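Please look through the structure below. The briefing that follows takes it topic by topic.

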Amino acid sequence: MRADPLLTPLTVKHLTFKNRIMLSSHEPAYAEDGMPKDTYRAYHVERAKAGVALTMTAGSATVSTDSPPAFNNILLYKDECVPWLKALADECHEHGTAVMIQMTHLGRRTRWDKGDWLPSLSATHMREPAHRASPKIVEDWDIQRIIKDFADAAERVKAAGLDGLELEAYGHLLDQFWTPLTNELTGPYGGSFDNRLRFIFDVLSAIRERVGDKFLVGVRFSADERLAGGIDAQTGLEIASRFQTSGLVDFLNIIRGHIETDSGLADVIPVQGMANAPYLDFVSAVRSRTGMPTFHAAKISDVATARYAIESGKMDMVGMTRAHIADPHIVRKIMSGQEDRIRPCVGATYCLDRIYQGGMALCIHNPATGRELTMPNDITPAAIAKRIVIVGAGPGGLEAARVAAERGHKVVVFEAADEAGGQIRLTARSPRRKEMLSIIAWRMAECERLGVEFRFNTWAESADVLAESPDCVIIATGGFPDTPPLATGDDLVVSTWDILSGDVAPGKTVLLFDDAGDHAALQAAEMIVEHGGKVEIITPDRTFSPEIMGLNLVPYIRSLQGDHAAFTVAQRLESVERSGNGLTAAIGSDYREFERRVEVDQVVVNCGTKPLDELYFELKPHARNQGAVDYVALTQGRPQDVCHNTNGTFTLYRIGDAVSSRNTHAAIYDALRLMKDM
Ligand SMILES: Cc1cc2nc3c(=O)[nH]c(=O)nc-3n(C[C@H](O)[C@H](O)[C@H](O)COP(=O)(O)O)c2cc1C
Ligand code: SF4
């Protein structure tokens, strides 16, 4: 049989990677005090154990104190990083995984009000749109100081036993020098192309002097900024050639595009609904021009595409980064012939959006990611098999069914609809968000393999549940659309769910009141516009769509910006009345006495969900725990042992939106952490 191209080794200089799959550098924001401590290490080790060839740790680990951590980056300018990095590298090495780190000075891509409150700096005075800090223009003493900082950091990395490093040169200080768009300098580091490149070559020389030859050094850079007046593909190829001829660089890691705006970043890291693997040919052109080992990552989330990228010679190492955030065991599954069991990355980019909001990277449908110390990816069997009834086959109910069945329990799932999916089916009504269905499809396939019994088209009453003689009942019934407290007109409004499901046709002139700030509002707005309507989206919040974070907002703005949609913040729907064939909506404000009235033919409201909890409250008196959860045991990873009713023969829990209006991650996390100890 022919060898799998993905599983063939690659040798770069003295180092052999055992296969072609890598994690490209990504800062998951798991650092504690700027150090990659236990949580950080466990995350990488989980992927190393499963066979990934190279993990490019950190993302933008900062080399200088005036490059403050914009998203909880590792602080490479502190000596104390050495033992933490060493522990991480040693443990990954035990599993045959090479370990490197991405180093950077963020330049203007950070804020002055973080870390040590030092002024940010750049080769320009212009602020970066995404971070909005106005940098000072670097002075000669800054340049010399930062070159030394890079060299010092490289020495620390080598002392920690890592196999190499890569410099981040897209949107950060190194390329802020070389792109004409952000270099206002005069003198040796400004003006001509050679001068603008001088800084990175000075940095590379200083690093090489410290780390020697037997240590890999690469550059991750945008070889085509796709910005008028910036580095175009021709210049990018020239930069690549210079790296090659310099002899200072061992590998290239190619980016296409720019990241200074959310919109640019979304093209570099394509999100759900955007093209898969968009830059393969471009990466191939860089590889052909230089003949250098070439790495790349950009929405290569399935194994077939990754295999093609390697087999066709487009690149030497393929980054499957979000794919590994969703499923850390991809390589193991490829090697054991279980590719079809890989938990798919659905491109939701919840992971990345969260770090830009100051959170840690979490996967929308793998709650074990980032929680490797407490949440399992592999579920262990229970000592005693139980009979478990789950009501509701949305993401939370299916996760509960999957984990319970992995534990060896006998599982029955009741579902009122004729298929699984719950709210995800509504989400997937937008073609751009169809990938979300894989969250359901993957769980259904796993449940089928594990022998879970489904009863579709069944509205479970308490008698149906009790007739199963369950040991445990999980209520995962989700919610139904909530409504705003209107003075009049409750019966005149429709919900975003009505629009998304197709139960109500979109109007021609629509007021959409968004009190939840989540995807449903903008998805409904898109449908209204697609059907030829005009929509004004109003929200009582001070920004629109506060629950949709930066990258996820990009496709919505692209589709809604124009004459057919308008956004109004800090206003609240008060009442709706009939007027002729249409409706009059009265709108107020939480900030001052204010009223305006608009005439429309449809008012749509988006207020999250109210729990569908009737069944839960019916069953509650009969349950041994009467629905109570020991939160201390739950959060400490211990089994539940609450007993309020000694006559009860089963325990009862509710999860996801059946408790309160939250999101997909919350529902799945509820399920995993309860069922893993059941
Ligand atoms: C949570 C997260 C943080 C990231 N941080 C960085 C970073 O600091 N530096 C970097 O070069 N790329 C970073 N990336 C981008 C990834 O390296 C990669 O280019 C991107 O995720 C596209 O590859 P994928 O589709 O395989 O995920 C980050 C990605 C994610 C998901
Ligand atoms: S959050 Fe979405 S994009 Fe990120 S890893 Fe999970 S499935 Fe993939």
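How many bridges join strand S19 to strand S20? Five bridges join S19 (residues 509–514) to S20 (residues 534–538), and the two strands run parallel. Helices (H or I, at least four residues) and strands (E, at least two) are DSSP runs, numbered from the N terminus. Two strands pair if DSSP finds at least two bridges between them.

This is a predicted model, in which local features need pLDDT of at least 70 and side-chain atom pairs count only at pLDDT 80 or more, while totals for chains, interfaces and linings use all residues. Residues are numbered from 1 along each chain as its sequence is written, chains are lettered from A and ligands numbered from 1 in the order in which they are written, and side-chain values use heavy atoms, with hydrogens and water left out.

**The open sheet**

- Five strands form an open sheet with parallel pairing, in the order S18-S25-S19-S20-S21.
- Its edge strands are S18 (494–495) and S21 (565–568), each of which pairs on one side only.
- S20 is mostly covered, with four of its five residues buried; buried means under 20% relative accessible area, exposed over 50%, and partly exposed in between (1.4 Å probe, protein chains only).
- Ser545 is in the loop between S20 and helix H19 (550–560).
- The phi of Ser545 is near 50°, a positive value in a residue other than glycine.
- Ser545 is buried, because its relative accessible area is 3%.

**The barrel**

- Eight strands make a closed barrel with parallel pairing, running S3-S4-S5-S8-S9-S10-S11-S12.
- From one strand to the next, the twist averages 25°.
- Strand S9 (residues 216–222) and strand S10 (residues 251–255) run parallel and are joined by five bridges.
- Phe221 stands opposite Ile254 in S10.
- Ala29 lies in the loop between strand S3 (21–23) and helix H1 (38–49).
- Ala29 is a residue other than glycine with a positive phi, near 60°.
- Ala29 counts as buried because its relative accessibility is 9%.

- Helix H8 (residues 280–290) lies across S10 and strand S11 (294–296), running at about 150° to S10.
- For such angles, axes are lines fitted to C-alpha atoms, for helices over the stretch in contact, and angles run from 0 to 180 degrees between N-to-C directions.
- Helix H9 (residues 303–311) has the buried residues Val303, Thr305, Ala306, Arg307, Ala309 and Ile310.
- These buried residues of H9 pack against H8, strand S12 (317–319) and helix H11 (330–335).
- Just after H9, Gly313 takes a positive phi of about 75°.

- Thr97 is found in the loop between helix H2 (81–94) and strand S5 (98–104).
- Thr97 is buried, because its relative accessible area is 1%.
- Leaving aside neighbours within four places in sequence, Thr97 is in contact (heavy atoms within 4.5 Å) with Lys18, Ala48, Val52, Ala53, Leu54, Thr55 and Cys92.

**Cysteines**

- A disulfide is a covalent bond between the sulfur atoms of two cysteines.
- Here a disulfide is taken as a pair of cysteine sulfur atoms within 2.5 Å, and by this rule the count comes to zero.
- Cys92 is in no disulfide, and the nearest cysteine sulfur, that of Cys81, is 16 Å away.
- Cys92 is buried, with a relative accessible area of 0%.
- Cys447 is in no disulfide either, and the nearest cysteine sulfur, that of Cys472, is 15 Å away.
- Cys447 is buried, with a relative accessible area of 0%.
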